[in-house]
Amino acid sequence: MQAVLDFCVIFLTLHTPGVLSLSTHVAIIYPQDPVLRMGSNLTASCWVHPDLGFHASSLFWTLNGQQLPSSLYRVLSPTNLSITLAGLNASRQTSGDNLVCHNHKGHILAGSCLYVGMPPEKPVNLTCWSRNTKDLTCSWAPGGKGETNISTQYKLKYKLRWHDTEKECVDYTHTQPYSCCITEDLHLFTPYEIWVEATNQLGRASSDVITLDILDVVTTDPPSGVTVSRVGQLEDQLSVRWEAPPALKDFLFQAKYQIRYRLEDSQDWKVMDDVGNQTSCRLAGLRPGTVYFVQVRCNPVGIYGSRKAGIWSEWSHPTAASTPHSERLMSGSCDSKSSGDSNSTLRRELKQFFGWVRKHAYGCSSMSMKLYDQWRVLMQKSHKTRNQVLQGDKS
């Protein structure tokens, strides 16, 4: 019985020597493999060959292996037993539900597949991108609740805006569901019209048509060669360097980058948006003696003269580095009041310096970083001297 549930039974032929030939069907269910909307009613009939000697009243029905109550049956003739199913629920699987007719001993006589679902709704969220201008990949989402419960085909179609010939994408092997990749006959500097058609046995629906130029939806590989290193003994800084995506080095474009970083024991990323088109940056204001994970991504701007920004690449693989331990934290204990006063002074000076940097510099300016390094070293030496003086007074 379990084997019957693994596939949809169409016809079963019993071989009775001397009564029926091997090619004769001993029982038939009508209708065969109907496709119905959810909530529909169905009346099906099981007709058995009179030579079998089975009376219709001795037969019974099962749906997906579960016997159906006899109150749903009706004997139409000695060889015909019908069943009426009201308010059908959606099919449990796209291969259909198994409606089977049995004789009084439980042997299978015939079966039919019930496909119960809904027509597709208009696909939504059609989005396309081109990786390094070498392809054009589009993805979408099914409309409505996203499940028709019966087999539904999605076709991505496209055409050049000023040509009438439409084409269909054929590479649906992309790892992302509801997506297709166009890899042949790509045209740059020419707008495409793209849409998705959804079809099943109950109807069809089309998405809105989007118009785009490949150059306006370019994304790149993530930046390569990302390294994160300490900045001397500055305990609150890390230096980040990377290389432009290799595939775009020959293109006429300007890239802009983003950096994000997080603490080792945290899932919250902090994003730096003002990196610009340089391939190095300094992270400041970090915790001393702490491991940080850093990632970089790229957005091609003005590729081949396009006026629109591209699409952000994926983030690079995380790269980890730790800031140096603070000398202040590692030094001996100091007078709490004096230490608090000196820390307050240091915080005030830091606030003043960063205010000057924000006013006179932008992003990761190498000039401001150089001045800042000099200033920090001076402040650390001054602070260390103060601690030594305080400790000498105590002794």
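Student: Which residue of β25 does Val 294 stand opposite?

Tutor: Val 294 stands opposite Thr 319. Keep in mind that this is a predicted model, where local features need pLDDT of at least 70, side-chain atom pairs count only at pLDDT 80 or more, and totals for chains, interfaces and linings use all residues. Residues are numbered from 1 along each chain as its sequence is written, and side-chain values use heavy atoms, with hydrogens and water left out.

Student: What makes β24 and β25 a pair?

Tutor: Two strands pair if DSSP finds at least two bridges between them. Strand β24 (residues 291–301) and β25 have four, in the antiparallel sense, so they pass that rule. A strand here is a DSSP run of E with at least two residues, numbered from the N terminus.

Student: Why is Ser 139 called buried?

Tutor: Buried means under 20% relative accessible area, exposed means over 50%, and partly exposed is in between (1.4 Å probe, protein chains only). Ser 139 comes in at 9%, so buried it is. You'll find Ser 139 in strand β11 (residues 136–141).

Student: Which residues does Ser 139 touch?

Tutor: Leaving out residues up to four places away in sequence, its contacts include Trp 129, Gln 176 and Tyr 178. Contact means heavy atoms within 4.5 Å.

Student: Why does Asp 185 count as exposed?

Tutor: Its relative accessible area is 54%, so Asp 185 lands in the exposed class. Phe 189, at 55%, counts as exposed too. Asp 185 sits in the loop between β14 (179–182) and β15 (192–200), and Phe 189 is found in the loop between β14 and β15 as well. Asp 185 has a positive phi of about 55° although it is not a glycine; for Phe 189 the positive phi is about 60°.

Student: Why are β19 and β23 said to stand at the edges?

Tutor: The open sheet has three strands in the order β19-β20-β23, with antiparallel pairing. β19 (224–230) and β23 (280–283) each have a single partner strand, so one side of each is left without a neighbour in the sheet.

Student: What makes a set of residues a nonpolar core?

Tutor: The set must be buried Ala, Val, Leu, Ile, Met, Phe, Trp, Tyr and Cys residues joined through side-chain atoms within 4.5 Å. The largest one has 26 residues, and Leu 59 and Trp 61 have the most contacts inside it. A second, separate core of 20 residues includes Val 228 and Leu 283.
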